[in-house]
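I opened my notebook to look up a few features of this structure. My notes follow.

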Amino acid sequence: MNQVKTTQDRFALTTPLYYVNDLPHIGSAYTTMAADTIARFQRLLSKSVLLVTGTDEHGQKIERSAQAKGMKPIEFCDEIVPNFISLWKLLNIQYDRFSRTTAPNHKAIVNSFFKRVWDNGDIYLGQQKGWYCVSCEEFKDERELLPGHRCPIHTTKEVEWRDEENYFFRLSKYQDKLLAYFDEKPDFIQPESRRNEVLNFVNQGLQDFSISRVNLDWGFPVPSNPTHTLYVWFDALLGYITALLEPDDEPTLEAALSKWYPFDLHLIGKDILRFHAVYWPAMLMSAGLPLPIKVFGHGFLTKDGRKMGKTLGNTVDPVTLVDHYGADAVRYYFLKEIEFGKDGDFNEVRFIDVLNADLANDLGNLLNRILGMVKKYCGGNIPVIVKEDVPTDHPLRLIGLSLGEQVKTAYEALAFSQACNLVLSLVQASNKFIDEQAPWSLYKQGKQQAVEQVLYTVLESVRLAVYLLSPVIPNISTAAYEQLGFGIDFNDQASVANAPFNVHSQWGLLSNEQKLGTPQPVFKRIELKRTDLLKDD
Ligand code: MSP
């Protein structure tokens with residue numbers, strides 16, 4: 001069970017399992033859009049992909065939210081969960097597993113994992129004294145707190161003093177092992193700034209952390225002492241493993257770990273880095289299991305340059321946003337405009353500007369224009385040109401030939417913004433090339449051969465561009481590919497298998513045997529001026 005399987009032909013990744021204390025917010029949507037883009041890219045590479053998402057439903061935070069509504073916790077969770085599922089549908093997220101920590105098979109996985117750690121001597125009973133943030137579900141060091149004993153992350157929430165008997169996990173025992181692992185696998189935690197953050201934290205010395213609570217009913221009883229409830233994070237992280245069970249599997253660790261384990265990537269926000277890059281690896285080491293290949297901590301989103309929050313009344317509701325602008329627009333803005341790993345801002349004016357400039361003008365108009373010209377000057381048929389006929393110093397050929405590999409490298413590094421910008425550079429060069437070459441005047445001069453070469457090279461460049469952007473904007477890419485004469489639906493995994501990366505990322509694929517479709521705008525310019533539509537308070 002301990003052997004690490006080859007990761008050549010499969011890719012398993014996770015989003016965090018989201019708390020259900022409230023409706024999904026733009027932060028959860030952000031991680032999930034990024035995860036879906038990665039999953040789609042890996043599928044283009046012809047890999048088997050498993051994208052795990054889900055919900056984290058136990059613990060004090062959820063218990064209190066349910067109480068506030070006068071509901072039983074499970075009823076409350078059952079009411080919130082469909083909102084996540086419907087948002088993922090709206091955002092065109094193709095997840096493979098939705099893991100709920102209240103699912104019946106999860107308890108068996110948690111119990112067997114607990115037993116392994118217990119048998120390894122890593123759990124003991126002790127006294128926990130300290131400041132607890134219910135919103136983080138985490139004890140905080142006194143020195144981390146803001147004035148008035150407020151949490152540094154949930155700045156309006158006061159932490160609560162706890163002094164109780166808890167079971168502890170011997171994290172301190174794993175300090176050296178973790179440091180050795182980080183050293184051996186320098187890519188384990190990304191980006192580099194997060195890795196340094198974790199290294200500093202671990203180097204300062206690790207303290208054992210409590211993995212049980214008393215006076216809390218909403219969770220699993222600790223197997224060795226049911227008067228204690230298992231700490232929500234211990235249970236939640238294991239939700240990743242439970243998600244690996246096939247529907248008919250017995251709920252055993254062996255079954256869960258047999259096919260997809262270890263995970264290639266845990267995608268998370270920076271606020272939950274320690275849990276994933278320190279606590280989780282130590283728990284896995286204790287249970288004798290291989291560690292994930294990579295943990296990537298992205299940045300936080302702000303609105304108009306200010307921290308987002310309900311009390312500030314400036315949250316961005318993802319449902320409103322998608323209803324209004326469509327899934328591709330939302331996905332494109334967040335992935336292209338914000339360098340993944342850094343903090344980023346949402347601003348509606350900027351949002352509209354970016355979409356109009358990149359998708360409506362640069363890409364959409366180019367496709368429309370070029371299809372119109374092919375109709376007018378070439379009878380609607382793709383010119384009979386092969387890559388070899390195009391001079392080696394042709395500007396679009398030059399960019400196109402190396403673009404696939406460059407964009408692949410960017411996607412693999414989760415540099416979505418860079419991937420989009422690389423593609424845009426080909427789109428912009430194509431627009432410039434048409435203007436310079438003026439095929440309409442070449443046509444008037446009777447230079448049909450030259451006209452055809454210009455049109456072919458631009459048409460092929462647009463094709464390559466929409467293919468490479470398909471993980472980010474699958475709807476637009478599908479519509480554009482259809483107009484270019486391909487029957488590929490980027491939202492249908494069986495269909496995507498017919499457009500493998502090694503073939504479709506090559507500049508020069510387009511052939512005269514294809515029939516072009518009817519030109520139609522793939523992205524309509526947004527005429528909306530600054531509105532207050534997005535205020536959801
Ligand atoms: N339940 C835990 C995760 C358990 S994983 C086994 C949890 N859930 S959460 O719902 O609070 O957070 C989910 C994700 O949303 C985190 O990755 C977090 O970083 C992200 N975001 C929350 N607010 C955010 C922003 N304002 N901006 C970007 N992402 C943010 O933590």
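Does H1 pass H3 in a left-handed or a right-handed crossing? I looked, and H1 passes H3 in a right-handed crossing. A crossing is left-handed if the near helix is turned anticlockwise from the far one by less than a right angle, and right-handed if clockwise.

Ground rules next. I am reading a predicted model, where local features need pLDDT of at least 70 and side-chain atom pairs count only at pLDDT 80 or more, while totals for chains, interfaces and linings use all residues. Residues are numbered from 1 along each chain as its sequence is written, and side-chain values use heavy atoms, with hydrogens and water left out. Helices (H or I, at least four residues) and strands (E, at least two) are DSSP runs, numbered from the N terminus.

**Entry: H1 and H3**

I checked how H1 (residues 26-44) packs on H3 (residues 73-90). The angle is about 50°, and the axes are 11 Å apart. Axes are lines fitted to C-alpha atoms, for helices over the stretch in contact, and angles run from 0 to 180 degrees between N-to-C directions. H1 is therefore oblique to H3. The classes are: under 35 degrees roughly parallel, over 145 roughly antiparallel, 65 to 115 roughly perpendicular, the rest oblique.

Then I listed the contact (heavy atoms within 4.5 Å). From H1 come Ser-28, Ala-29 and Thr-32; from H3 come Phe-84, Leu-87 and Trp-88. By class, I have four nonpolar, two polar and no charged residues between H1 and H3. Ala, Val, Leu, Ile, Met, Phe, Trp, Tyr, Cys and Pro count as nonpolar, Asp, Glu, Lys and Arg as charged, and the others, Gly among them, as polar.

**Entry: H5 and H6**

H5 (residues 175-184) and H6 (residues 192-203) pack at about 155°, with axes 10 Å apart. That angle makes H5 roughly antiparallel to H6. H5 passes H6 in a left-handed crossing. Gln-175, Leu-179 and Phe-182 of H5 touch Arg-195, Val-198, Leu-199, Val-202 and Asn-203 of H6. This contact of H5 with H6 has five nonpolar, two polar and one charged residues.

**Entry: the ligand**

A side-chain N or O atom of Asp-56 is 2.7 Å from a ligand nitrogen. A polar side-chain atom of Asp-271 is 2.4 Å from a ligand oxygen. Leu-301 uses a backbone N or O atom, 2.8 Å from a ligand nitrogen.

Gln-190 and Pro-191 are joined by a cis peptide bond, with omega about -5°. Pro-191 sits in the loop between strand E7 (189-190) and H6. The bond from Tyr-261 to Pro-262 is also cis, with omega near 0°.

How values were computed
A polar contact is a pair of N or O atoms within 3.5 Å; within protein, one must be able to donate a hydrogen and the other to accept it, and residues adjacent in sequence count only if both atoms are side-chain atoms.
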